[in-house]
Amino acid sequence: MIEPYRSDFNARFTEAKYAELLRVVAERTRSKIEFRIAETPCFFAPELMKRMVNVGEELTAQLLGNEEYLRASDAAIPAAFRVPNCDSHPHFMTVDFGLVRDASGELQPKLVEMQAFPSIFGYQAVVSQAYKDVYELDPGLTPFFGRMDEASYWELLRETIVGQHDPANVVLLEVEPEKQKTLPDFRMHEERLGVHTVDIAKLVKQGRRLFYRDEVTGKLVTVERIYNRVIVDELERKQIELPFDYRDDLEIEWAGHPNWYFRVSKFSLPHLQHPAVPAAVFLDDWFAGKGRDRLPAERENWVFKPLYSFAGKGIQFAPTDADLAMIPKGERYLYLLQEKVKFEPVIRTPEGMTQAEIRIMYVWPEGKKMTPAINLVRMGRGLMMGVDHNREKTWVGGSAGLTPTS
């Protein structure tokens, strides 16, 4: 949004440069990019980014400092996916914001959702640099926070993901990774950290140990630490047969313990008290008459969401009583009613003003504090901001937020 970056970019943009951007990102990630990359990065003022970073930290501290919430979130973990030996804090936190205007016309962040689960840390560093290189942008622009640069960023990820282990014994675990749109991200973690990407269904269990089979030697390699990228919703939807049980007491460490996926998620929203958080009520509470006064009177300002899904699956706008009644009584605790927030279109593009949803991505190594690391931006002009929901448009999709350092 800040000038002269926005005007200068729009004036110098060419389709040839955009084609080059796509080529460079695919080349550097050694992958075909299956989602839409926006034509432009977003240029944000440092003050605005700092405000979002601070709100994300405040919300995380509010949740993790609330014993009642921690008990409730622990009880919300499905029994079949309750993993032993949970860490005292998540290793990763992502907090998504849209931008709204306050009464004085100032832009303010409004929470979309927060998730204690890793995002595309590897890919995002690559695409951010590709924007700078291809479009010959000011070298002082950065996607990182604090005084972090690319080298210290990857060192922070190495400390959190690999720890003291040999990278050969650390796996990035996913469901059918070769079929995932996030494969470019996996490739970057392999390249920069030396870890191996492994399909969860292909692990081998022997006693309390897990192994993967080396593709070159065919030998079994011990897994000592798992960088967890598995979404339980996908396991159930695809009916994946696992070689181990999540409840097994395994000799394994987790970088991103699976329990935190459930403990900090859309489930958190009704428990948060902050000006940046829209009103939210669990569906079972709503049917019981609890919290109904939190929601706007007009149904067109309601959003209906499943608690545990990814990439916007199952979200419904302006739900009717009939829509809500379709959820079986015993499953209503798994759904959320939320205030719909009108986000301000703030990115000026040749296709008109465009909304930006900004994800602040934190890394939290053992024994240290939660550190804001990098951001991710999704641009869109529809009801949904995910790249899958803006496929047929231009000047939308996955992007990067760049901020001047001087």
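**Figure 1. Overall view of the chain, with its eleven helices and 20 strands.** The model shown is predicted. Its C-alpha atoms fill a box of roughly 60 × 55 × 40 Å along the principal axes, and the radius of gyration of 21 Å agrees with the value near 22 Å that a compact globule of 406 residues would have. Buried residues account for 56% of the 406 residues, and of the contacts with a separation of 6 or more, 74% are between residues 24 or more positions apart. The accessible surface amounts to about 17900 Å², and 50% of this area belongs to carbon and sulfur atoms.

Figure 2. An α-helix has 3.6 residues a turn, so residues three or four places apart point the same way. At the start of helix 4, a side-chain oxygen of Asn 66 comes to within 3.0 Å of the backbone nitrogen of Glu 68.

**Figure 3. Close-up of the salt bridge between the side chains of Glu 176 and Lys 238.** The N to O distance in this pair is 3.1 Å. Glu 176 lies in the loop between strand 5 (170–174) and helix 7 (183–193), while Lys 238 belongs to helix 8 (residues 232–238), and the pair, 62 residues apart, thus links distant parts of the chain. Glu 176 is partly exposed, with a relative accessible area of 24%, and Lys 238, at 34%, also counts as partly exposed.

**Figure 4. Close-up of the salt bridges that Asp 185 forms with Arg 229 and Arg 187 with Glu 178.** The closest N and O atoms of Arg 229 and Asp 185 are 2.8 Å apart; this pair links distant parts of the chain, with Arg 229 in the loop between strand 10 (225–228) and helix 8 and Asp 185 in helix 7, 44 residues apart. Arg 229 is buried at 5% relative accessibility, and Asp 185 is buried at 1%. In the pair of Glu 178 and Arg 187, the closest N and O atoms are 3.2 Å apart; Glu 178 is exposed at 55% relative accessibility, whereas Arg 187 is buried at 15%.

**Figure 5. Close-up of the salt-bridge network that links Asp 96, Glu 357, Arg 359 and Arg 378.** The structure as a whole holds 31 salt bridges.

Technical notes:
Residues are numbered from 1 along each chain as its sequence is written. This is a predicted model: local features need pLDDT of at least 70, side-chain atom pairs count only at pLDDT 80 or more; totals for chains, interfaces and linings use all residues. Side-chain values use heavy atoms; hydrogens and water are left out. A polar contact is a pair of N or O atoms within 3.5 Å; within protein, one must be able to donate a hydrogen and the other to accept it, and residues adjacent in sequence count only if both atoms are side-chain atoms. Helices (H or I, at least four residues) and strands (E, at least two) are DSSP runs, numbered from the N terminus. The radius of gyration is taken over C-alpha atoms; the globule rule is 2.2 Å times the number of residues to the power 0.38. Buried means under 20% relative accessible area, exposed over 50%, partly exposed in between (1.4 Å probe, protein chains only). Contact means heavy atoms within 4.5 Å. Accessible areas come from the Shrake-Rupley method with a 1.4 Å probe; for residues, only the protein chains shown count as cover. A salt bridge is a side-chain nitrogen of Lys or Arg within 4 Å of a carboxyl oxygen of Asp or Glu.
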